[in-house]
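Hello,

Here is the structure you were waiting for. My notes follow below it.

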Amino acid sequence: MNSAIAGILNAFLYILIIAIVARALLSWFPISRNNPLIQLVHQITDPLIEPIRRIMPRTGVIDLSPMIVIVVLWLMIMVVNRVSN
């Protein structure tokens with residue numbers, strides 16, 4: 001794999017991880033869902049998190065789906081790094 005393509009893909013995956021962490025942190029604060037920043041973060045992360053939520057059983061008030069998505073994205077970064085070397 002071309003190292004430039006691997007770098008772009010890694011950057012994209014890291015941005016997704018940052019967006020998911022931001023979503024988790026922002027959920028702790030009483031911010032309106034009409035806020036444009038909140039809407040943007042949800043538009044970016046919903047396609048990744050919602051399928052996991054449908055599969056996983058509920059664990060009470062703790063939502064583990066963002067953590068699972070982050071682990072999958074981290075594994076994807078590891079694969080890209082291994083293939084690019």
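**Surface and overall make-up**

The accessible surface of the protein chain is about 6,200 Å², and carbon and sulfur atoms hold 72% of it. Areas come from the Shrake-Rupley method with a 1.4 Å probe.

A note on the source: this is a predicted model, where local features need pLDDT of at least 70, side-chain atom pairs count only at pLDDT 80 or more, and totals for chains, interfaces and linings use all residues. Residues are numbered from 1 along each chain as its sequence is written, and side-chain values use heavy atoms, with hydrogens and water left out.

The chain has 85 residues, and 22% of them are buried (under 20% relative accessible area, 1.4 Å probe, protein chains only). Its C-alpha trace spans about 45 × 30 × 15 Å along the principal axes. Three helices and zero strands make up the secondary structure. Helices here are DSSP runs of H or I, at least four residues; strands are runs of E, at least two.

**The α1/α3 pair**

Helix α1 covers residues 3–26 and helix α3 residues 65–84; their axes come within 10 Å and cross at roughly 165 degrees. Axes are lines fitted to C-alpha atoms over the stretch in contact, and angles run from 0 to 180 degrees between N-to-C directions. So α1 is roughly antiparallel to α3 (over 145 degrees).

Residues in this contact (heavy atoms within 4.5 Å) include L9, L13 and I17 of α1, and V69, L73 and W74 of α3. The contact residues divide into 16 nonpolar, three polar and no charged. Ala, Val, Leu, Ile, Met, Phe, Trp, Tyr, Cys and Pro count as nonpolar, Asp, Glu, Lys and Arg as charged, and the others, Gly among them, as polar.

Best wishes

How values were computed: Angles under 35 degrees count as roughly parallel, over 145 as roughly antiparallel, 65 to 115 as roughly perpendicular and the rest as oblique. Buried means under 20% relative accessible area, exposed over 50%, partly exposed in between (1.4 Å probe, protein chains only).
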